[in-house]
Structures are given as structure tokens and as C-alpha cells.
Amino acid sequence: MAMENAAPLKLLGSWASSYTHRVQLALRLKGLEFEYAEEDLGSKSEALLRHNPVYKKVPVLVLPDGRALAESAVILHYLDDAFPAARQLLPADPFDRAVARFWCHFSDDKLGPAVGAVFASTGEEQEAAVRQVHENLALLEAELREGAFRGRRFFGGDEVGFLDVVLGCGSYWLAVFEEVTGVRLVDADAFPLFHSWLRDFESQEEVRETIPSVDRLVDYARGLRQMLLAMAAGACAPSDGAVASNAAPPSAAPPAPATADIAVDI
């Protein structure tokens, strides 16, 4: 596909961030040229702090004129609006666009946090989080079977669209978490349509170019889980007879980011 933007965009991101992957994938699907700058989230760059002073997180998309946008969903909307001649990710129909935005919010507000809770917990707390994940996946399965996305290969139709990018750039963590925690999250028998969609999504060339290898993600996730569980145990233990501190936890040792920047949600 011909590149539409005359000067390259610049993306500040992190290799393991599903939110960074959303923007990378969208740019590739739209055929837009961009430069990528890897951020050390344990020692954030001046550029990241200047361009995203509110949240201080990746991803950040820097435009050729120096203006910048933060938050992955915001950036995806911008790319559709700013490059109308490139492949559109959101549906043309206003109602369908609103539906895609609703399920994007569902992913970030309900499904992602539930998956993250499975990863960062054990015992009864983890069992409750697994039930929540399965309840959320059942909602998506129902939409694929008889709801807004019935009969579609992808949530966007015949091609990967906005909601596929949002859900897909995170759903690969499900297999990683299964490997690390030993907990089954996506059963092909229980969620056959979602399972089939995920396999189709992962087979796309642009997706394969974007998502890191499973082995690399598993290695990263093992260390991250150990850190999170240790921090949770430490937060529950009183120190010198006093209650646990409410202070923010320390940053993880490299290469893991500070806990506030861990991006393992769907």
C-alpha cells in the first residue's frame, strides 16, 4: 500500500505494551510510515514526559509538526480521521461505529482488568478473577454468535478493523498467562467463535509483524508475575508493628517497568 503521510509519524512505545501494539498495528494496516522509539519505562524520556504530562505513559504519537497525542484508542480514532484515504478501521455506519466504541470500552473497563487480576493473584482471588474473565468472554461469544457481529470473520467484517485491533492486541496475553499461571482462560469448546476469531487475527501478516514472540512474552511475564506477587505479599505484611504503607511501590528492576506502566491488559 502506498504511504499517504509525507513526513513520518513518530511513536513512543514499549515492546511489551499491548497499547503500543494497537497503534503499531493500526499504522501498518493503514500503510502509514512511522518511526518507533522504545521507551525505558523505569527511566522515562524527556520527550515522553513532555508529550504526555498527564498520564506519563506510552503510547504517544508525535506528529510531524511536533504536536502529540496520547492514549491508544484516541490515537486510533485520530488516524482514521486524519488519513481518510487510507484503509478505515472504524465502520462507516454511525451506529456500527458506536457499537465498536462500546465494546472497546468494555475491553478496557471490564475484560482487560479481569485478565490482569488473574495474572497478579493466586488462590481464591485468582479463581474469582478467572470466573470474571469467562463471564466477559461469554458476552463476546454471544455477540459473535447472535449479536452485532454475527456471521463475521472479524469484528470489523471481512477485514481486521478497529475493535479487532483493540481486542486482539491484548488477547495474545491470554495464552501467555495460561502458560505462566497454569490457568485455562480460553477454551475452544466453551468459546468456539472467539477462539476461531483469535486464530484468524493472529494469522494476519501485520499482526505477526507487530506482536513479539510468545517465548519472549512468557519470559517477561514470568518475571513480572513474581514481582507483582512479591509486592502484594509485602503490602499485606505490617512493618515494625505499623500498618502497611500506602506509598507507591518501587519500580521493577530492568527490564520490567514501574508497576503503573505494566501493560498486560486486553
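This is a predicted model: local features need pLDDT of at least 70, side-chain atom pairs count only at pLDDT 80 or more; totals for chains, interfaces and linings use all residues.
Residues are numbered from 1 along each chain as its sequence is written, and side-chain values use heavy atoms, with hydrogens and water left out.

**Stop 1**

Select K56 and P59, both placed in the loop between helix 2 and strand 3. A cis peptide bond joins V58 and P59, with omega about 0°. K56 is not a glycine, yet has a positive phi of about 60°. Its relative accessible area of 37% makes K56 partly exposed (buried is under 20%, exposed over 50%, partly exposed in between, with a 1.4 Å probe and protein chains only).

**Stop 2: E71**

Now move to the loop between strand 4 (68-70) and helix 3 (72-82), where E71 sits. E71 also has a positive phi, about 75°, without being a glycine. E71 counts as partly exposed, at 39% relative accessibility.

**Stop 3: the second largest pocket**

Select L89, L90, P91, F155 and G156, which lie nearest the centre of the second largest pocket among its 18 lining residues. Helix 4 (94-119) and helix 6 (162-181) are the elements that give two or more residues to this lining. Helix 4 supplies the largest share, three residues. On a 1 Å grid over the protein atoms alone, a pocket is an open set of points where a 1.4 Å probe fits, with protein on both sides within 12 Å along at least five of seven lines; lining residues have an atom within 4 Å of a point.

**Stop 4: T210**

Finally, pick T210 in helix 8 (residues 205-210). Is T210 buried or exposed? T210 counts as buried, at 7% relative accessibility. Show the side chain of R28 too: the side chain of T210 makes a polar contact with it at 2.8 Å (a pair of N or O atoms within 3.5 Å, one able to donate a hydrogen and the other to accept it; residues adjacent in sequence count only if both atoms are side-chain atoms). A polar atom of the T210 side chain also lies 2.8 Å from the backbone oxygen of E206.

Note on methods:
Helices (H or I, at least four residues) and strands (E, at least two) are DSSP runs, numbered from the N terminus.
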